[in-house]
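Visitor: I'd like to learn how to read helix packing from a model. Could you walk me through a case?

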Amino acid sequence: CDHHYHFTQRQRCAIAAKFTAMDFENFLLGVRNVWDKLQALGATCGAAAPRQEDIGLSHIFVLHPLDSEHPEAMRATKLGARLLHEGRVDESIRELHDARQMAPLSHVACGNLGCAYQAKNDDRAALYWYREANRLRPNDETATCALALLELRRGQADEARRLLVNFLQEDPN
């Protein structure tokens, strides 16, 4: 999970330019293909089994290590990851909420809660936490893609498109 891919400004502009020439479904297919290739760069941190429609996108819904000045928040995150891997989702969520309280400005803590709620099949709560992660760090690839996928799943294709286009056009500097 230490492997992260960041798009350069030129890559974002090129992708955004291509997007205007493609229809939305082809664009999503392209995003899925990119993420499938990125999956080879790193392993997941113990996410539960993906839904059937998410096969090939399961690496978006993963827990990430918490970089924090709070050792207890890091401990709670590690325990939450272990519990989630063991299928003890409710216990995992409690630990991840503890980590979030200790690191309230961490987009990673919010994304981890989104991941755990998605593993519980609670899309409403997952959507809430991924939105919070996206609010705290709009240029985070994982939070943006997870949020866009959840929006698409609930029939909000325009919102999913807006999120992806804004992400691709945003200057990371």
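**Reading a helix pair**

Guide: Happy to, and we'll begin with α4 and α5, which are roughly antiparallel to each other (angles under 35 degrees count as roughly parallel, over 145 as roughly antiparallel, 65 to 115 as roughly perpendicular and the rest as oblique). This is a predicted model, where local features need pLDDT of at least 70, side-chain atom pairs count only at pLDDT 80 or more, and totals for chains, interfaces and linings use all residues. Residues are numbered from 1 along each chain as its sequence is written, and side-chain values use heavy atoms, leaving out hydrogens and water.

Visitor: Which values describe two packed helices?

Guide: The angle between their axes and the distance between the axes. Here, α4 (residues 89-102) and α5 (residues 107-119) pack at about 165°, with axes 9 Å apart. Axes are lines fitted to C-alpha atoms, for helices over the stretch in contact, and angles run from 0 to 180 degrees between N-to-C directions. Helices are DSSP runs (H or I, at least four residues), numbered from the N terminus.

Visitor: Which residues make the contact?

Guide: Contact means heavy atoms within 4.5 Å. From α4 come V89, S92, I93, L96, H97 and R100, and from α5 come A109, C110, N112, L113, A116 and Y117. By type, that contact has eight nonpolar, three polar and one charged (Ala, Val, Leu, Ile, Met, Phe, Trp, Tyr, Cys and Pro count as nonpolar, Asp, Glu, Lys and Arg as charged, and the others, Gly among them, as polar).

Visitor: How many helices and strands does the chain have?

Guide: Eight helices and zero strands.

Conventions: Helix = DSSP H or I, 4+ residues; strand = E, 2+ residues; numbered from the N terminus.
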